[in-house]
Structures are given as C-alpha cells and as structure tokens.
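Here is a short briefing to read alongside the model. Please keep the 3D view open while you go through the points.

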Amino acid sequence: MLAMVRRHRVFAAAFGAGAVLRLIAMLGYGPAMWFNDSYEYVSVALHPRPHPIRPDGYSFWLMLLQPFHSFTLVTFTQHLMGLATACLIYALLRIKFRLPKWGATLAAAPVLFDAYQIQLEQLVMSDTLFLLLVVGVITLVLWKRRLTWKAGAVIGLLLALTWLTRSIGLPILALVVLYLLVKRTGWRPIVAVLTACAIPVMAYMGWFASAYGKFAMTNSDGLILYMRTAIFADCNKMDIDKYKEVQLLLLCINDPVSQRKDYAQWYLWGQGNGDGTGTGEVLHRWGINKKWSEITNDAASKFATRAILSQPGDYLQVVARDFFRSFHWARPRFPDESTYNMYQFKPYVELDDTGQPKRLPKWSSYAGGRTDTDAFSYEQGPPETRIVQPWATIMSNYQKVFYLRGIMLGGILLIGLYGVFVRWRKFGGAVVLPWLGAVGLLLAPAATAEFDYRYVLPAVPLACIAAAITLRRGVTWARRSPRSSSASEPTTVRA
C-alpha cells in the first residue's frame, strides 16, 4: 500500500486534501444537511412504497443504512462515494489512457476540491450516488477495447441502478448502447447490457404498477414537462378544442406570458392563491390529492407536447437559456433565494419567525408519514443540521473561492468537442462517450424540467475525462514506445 502511495504521490496528496475537506464539512454541519427532496427519500426508506415523483433507488440505499440510525453514516458513505469517483477518474486516465500522474490528478481535481461537490455530498440527496454510478459506467465501457458479455452484464446492472436512482439514467443507457453499436462491440455484450438493465427496472415498474395501476417508473414525467412549458405556453396558439379537450383547458394559465414567473418550478411546486387562478399553481384545479395521479400526469404530458409543437421557437429559447446558465462565471441566485441558499455552507444557525433555530418542515409525505417525525425516527434523535465552529466558518469561506466556475466548465467542454472533431473518422473515438454524457446531463434538465445547480455537478467529471483524453497527445511522455505513439487509444500502462 505504501509503495502504491509513493508511486502516485501527487494523486495521494490531492486525495488526502479532499478527504480532510470532507472531514471538516462533517464536523461543521452534522449530522447532515437538508434539501426539500431529502425528506421524501427518508420517508420512503421508512415506509417502503414506489414514490410517484422520483424512483426509489436512493431510498433503498437509506434503507440499508437505516439500522444504524445515523445520518452521519449516510453522509460519510456519500463522501466516500465522492472520493471513489475521483479514484475512478484517475485510474481510467492514468492506466487506460496513459496520462501523466499530474494530468490524471488534475482531471479528478474538481470532484476532490469543488466546495459545491462536497456540500452536495453532505446533503441527504441522491446526486452523489448517481454521480458515482455514471462515472463507474463510463469507466467500465471505456476500459476494455473488446467488451465481454460478463462485463456487459455488470454495466447493465450499474445502468439499472443509475436509472433507479435518477430518471435521467434512461438517456445514459441509450447513449451507452449507441456507443457500443457504433464501436461494433458485438451482439452478446449489448444483449447482456440490455438484459441486466431490464430485469431490475422491470421488477421496479411491476412494483409501481401494483401501487398505482400503471407500468412505469413515476407519475411525474408529464407534470415536470408541463412545468417546463408553463412559463411560455399560450393556449391561444395551441388550437385547443374547448368541447373535446377540457382537460387541456384546465391546464391553461390565465396570466399573460409577460406577467408569469421567470422560473418554471413555481408552476409545479407553488402553493397558488387557493382558487386555482392568478399567478398561483393551476394544477390545484385538479384537487391537491389528484396532483400526482395518472390522469393529471397524462393530461399534463399532452398539454406540454401541444405547447412545444405549437411554440417550438419559445420552447427552444427557454431550453437554450437554461442550458447556458451552466456557464456563468458566478452563480446567480436561481431559481430563488431559498433554493440557492440550500447549496451554501452557511456559518450561522438559521432562525424561524419566532427567533428559534429552524426545525425541519412538518409536511405530509407521499409515503404515508410526516417529514419531521420520519427524520427523527431514522436518526433516533434530532436530525436538524448543527452548525459547529470553527469548522462551519472554514467551509463557508472555502466555498466562496474554491469551486469550478461555469465558464471554466464551458472551456473544458470545448476542449472535449475539439477531441470529438479531430476523431471524426472514428465517430469521436473514446472522447465522444464522456463528452456526450456531459452535454446530455446539462441539456436534459433544461429540456425537460429546469436548470438547477446540482444538475451541473454530475456533468463535470465526464467533461474532464473527455478533455483529458483529448489533451493526451499534447503531453510529453516519460516513456513512450513507437507503437504507443502511433496507437489511437493506448490501453495499458504500468501504474
């Protein structure tokens, strides 16, 4: 072990520094930090049932850890996932693509040192698990020149876990299968990928059907797409038959487009005015208990599709606007101040209206419990975030400086795009898979939901992998055989 550390001392030093930062975060913000979605994940872990809004993959992970009654353990495992992701990046680039040790370490640096990455790991959220699974899939696909059916089965299982963790796993599956087809991997590994992925996913969908009567992953895809289109949809341009399409009319927003909220989440999560009119959430017209039903979801899907087809220019405009939000130098306070603050290491205790430390919200969960009592039951003690000095101030100050700026991510993606372009005869070679994965992870939320800062972070390691493979030939190697200098994609190097 010590010999390996000495051989990879640059990465070992970076790894150690990243581990120390994570320890400081745990000391300053124990037992965990909370996001609005966190409470539902915990409730499902305690009251297992298919969730109508999002798959239960992360809740299954919380179920495995539930006997320990420790959110500290949950965040500890997530910090390990972040460090493991950095190790995968380093190993792939160093061993497979022969980058120098400093180059492979540099590519892993955003995962190790980005303050928002560390903060995301401290949240009770599915994103860190999703990130590890995605990077694991890309690493396995790129590792071997010829993929066996056994390796394909492992990749398929990881893709299933990815899909069960976040719905965006489906496009990742499509991208991997397309890459394997273009690469002419052969039918056996591709069939193995699809079969190994399909078995757990179909089992989950069967469980979902037993609860909701619909063979699907969620009851929210149409509603989320409706949210995306609500900020521009104009029923006067959609040619809705008022006699035959009453369901679509119920989803029409009375306010002029110019007076609507400039962020889409309001039209799904806003509380409305109580009468289903004005700037309130029109989905309340269906009744609060029917919001996530199959009927509402299907009607919302039809409305959103009609809006996109009737107003393609407006749709492309909002998609482009949200896509390019990823590349700002700073981090604008979007979609609102409350959401923005959930991604911050704050060095102070938040107070409620009475001047007391804020408690967890008392919401009814879709799994059948209540958010605050479920969190208390899981922890077997107070689950609220405890701000501990001086660690909290250290992380708060660190976060003000040390994170990957959006414009830097744009530059990294442009380097990867160049790598795809110069390998056009090979359809982008090994660069195309991580590069398209990164772009897809940024574009999919903009196209189907709305921009959110936490959706940017899973794209970063894939963008770094693509850029690093692109720049590989621009490095002077200490040892380079004539064969390796002419080979298009080296396959091995002594670690």
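This is a predicted model: local features need pLDDT of at least 70, side-chain atom pairs count only at pLDDT 80 or more; totals for chains, interfaces and linings use all residues.

Residues are numbered from 1 along each chain as its sequence is written, and side-chain values use heavy atoms, with hydrogens and water left out.

**Helix pair α8 and α9**

- The axes of α8 (residues 127-143) and α9 (residues 149-165) come within 9 Å and cross at roughly 155 degrees; axes are lines fitted to C-alpha atoms over the stretch in contact, with angles from 0 to 180 degrees between N-to-C directions.
- That makes α8 roughly antiparallel to α9, a term for angles over 145 degrees.
- On the α8 side, the contact (heavy atoms within 4.5 Å) includes Leu129, Phe130 and Leu133, and on the α9 side Val154, Ile155 and Leu158 are among the residues involved.
- By class, this contact of α8 with α9 has twelve nonpolar, three polar and no charged residues; Ala, Val, Leu, Ile, Met, Phe, Trp, Tyr, Cys and Pro count as nonpolar, Asp, Glu, Lys and Arg as charged, and the others, Gly among them, as polar.

**Cavities**

- There are four cavities of 30 Å³ or more; on a 1 Å grid over the protein atoms alone, a cavity is a set of points where a 1.4 Å probe fits but cannot get out, and lining residues have an atom within 4 Å of a point.
- The largest cavity has a volume of about 170 Å³, a volume being the space filled by probe spheres set on the points.
- Of the 18 residues lining the largest cavity, Ser326, Arg331, Leu404, Gly406 and Val456 lie nearest its centre.
- The lining of the largest cavity divides into eleven nonpolar, three polar and four charged residues.
- The second largest cavity has a volume of about 50 Å³, and its lining includes Asp322, Ser326 and Val456.
- With four residues, α21 gives the most to the lining of the second largest cavity.

**Second largest pocket**

- This pocket has a volume of about 650 Å³; a pocket is an open set with protein on both sides within 12 Å along at least five of seven lines.
- Tyr179, Lys183, Lys426, Gly429 and Ala430 are the closest to its centre among its 25 lining residues.
- The helix α10 (169-182) supplies at least two lining residues here, and α10 gives the most, with five.
- The pocket lining has 13 nonpolar, three polar and nine charged residues.

Conventions:
Angles under 35 degrees count as roughly parallel, over 145 as roughly antiparallel, 65 to 115 as roughly perpendicular and the rest as oblique.
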